[in-house]
Structure formats: structure tokens, C-alpha cells
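Here's a protein chain to explore, with a quick tour to go with it. Keep the model open as you read, and find each spot as we reach it.

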Amino acid sequence: MAKGRIEIDETLCKGCGLCLRVCPKNLIHISTDRFTPKGYRPAELVDPQTECTGCAICAVICPEAAIRVYRWVPAHKAEPALA
């Protein structure tokens, strides 16, 4: 299974919560302890057990393009070349 993570650019995030609603694993939350430079509470990834798959649904729905997705897919064994 693919593994991933996201980074949220807090200078762009307005805390709208759209990403929270679409995350299939419910791993994105609104911060309760900090504000962005513009005064919004930013979204943050809360993924202590690395369940994020890097599906990128959150990045697609983000109206501010504040989410960057990183995804790792397991490498497959190289198949022998046919002669």
C-alpha cells in the first residue's frame, strides 16, 4: 500500500475545513493552538501512525492550493528481461 504525507502552507491556508471533510482517513484537523499570519486557524495533518496514503484529495479540493502531497509507492521487483 502507498504511504504519503502532506504539508500545509500556513501562509496560504484560511482554515476553511474543506480538506477535513474529504480526507478518507480523517487525518486532517484544524489547529487549536496557533494562528496563521493572517489570523486563521490552519489545517494540520494529525497522523501519528502514518496512515496517510497520499491520495491528494485534500490538495485537489483546497481553494488556496495550500497543500503539497508527498507519496511513496513501494518499488516492484524488476522482472527478468525476455530474450
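What follows is a short briefing, sorted by topic.

This is a predicted model, so local features need pLDDT of at least 70 and side-chain atom pairs count only at pLDDT 80 or more, while totals for chains, interfaces and linings use all residues. Residues are numbered from 1 along each chain as its sequence is written, and side-chain values use heavy atoms, with hydrogens and water left out.

**The overall layout**

- The chain has 2 helices and 4 strands; helices (H or I, at least four residues) and strands (E, at least two) are DSSP runs, numbered from the N terminus.
- The chain has 83 residues, and 27% of them count as buried; buried means under 20% relative accessible area, exposed means over 50%, and partly exposed is in between (1.4 Å probe, protein chains only).
- Take the contacts in the chain with a separation of 6 or more: 64% of them are between residues 24 or more positions apart. A contact means heavy atoms within 4.5 Å.
- The accessible surface of the chain is about 6000 Å², and carbon and sulfur atoms hold 56% of that. These areas come from the Shrake-Rupley method with a 1.4 Å probe, and for residues only the protein chains shown count as cover.

**The space inside**

- Rolling a probe the size of a water molecule over the atoms shows where empty space is left.
- How many cavities of 30 Å³ or more does a search of the whole structure find? The search finds 1.
- A cavity here is a set of points, on a 1 Å grid over the protein atoms alone, where a 1.4 Å probe fits but cannot get out.
- The largest cavity has a volume of about 110 Å³, where volume is the space filled by probe spheres set on the points, and grid points are joined across faces, edges and corners.
- Its lining is made up of 13 residues, and a lining residue has an atom within 4 Å of a point. Those nearest the centre of the largest cavity are Cys23, Pro24, Cys52, Cys55 and Cys58.

- Val22 belongs to helix α1, residues 18-22, and is partly exposed, because its relative accessible area is 24%.
- Val22 and Cys58 are 36 residues apart along the chain, yet their C-alpha atoms are separated by 6.3 Å.
- Beyond its neighbours within four places in sequence, Val22 is in contact with Ile57, Cys58 and Ile61.
- Leu27 is in the loop between α1 and β2 (28-30). Is Leu27 buried or exposed? With a relative accessible area of 6%, Leu27 is buried.
- Not counting residues up to four places away in sequence, Leu27 touches Glu44, Leu45, Val46, Asp47, Glu51 and Cys52.

- Arg68 lies in strand β4 and counts as exposed because its relative accessible area is 53%.
- Leaving out neighbours within four places in sequence, Arg68 is in contact with Arg5, Ile6 and Glu7.
- Trp72 is in strand β4 too, and is partly exposed at 47% relative accessibility.
- Apart from residues up to four places away in sequence, Trp72 touches Ala2, Lys3, Gly4 and Arg5.
- Look for the charged end of Arg5, which sits over the ring of Tyr70, 4.4 Å from its centre. A charge sits over a ring if NZ of Lys or CZ of Arg is within 6 Å of the ring centre and within 35 degrees of the ring normal.

**Two positive phi angles in loops**

- Thr50 has a phi near 45°, a positive value in a residue other than glycine.
- You'll find Thr50 in the loop between β3 (43-45) and α2 (57-61), and it is partly exposed at 48% relative accessibility.
- Ala65 isn't a glycine either, but its phi is positive, about 50°.
- Ala65 lies in the loop between α2 and β4 (67-72), and its relative accessibility of 58% makes it exposed.

Note on methods. 1 Å grid on protein atoms, 1.4 Å probe; cavity = no way out; pocket = protein on both sides within 12 Å on 5 of 7 lines; lining within 4 Å.
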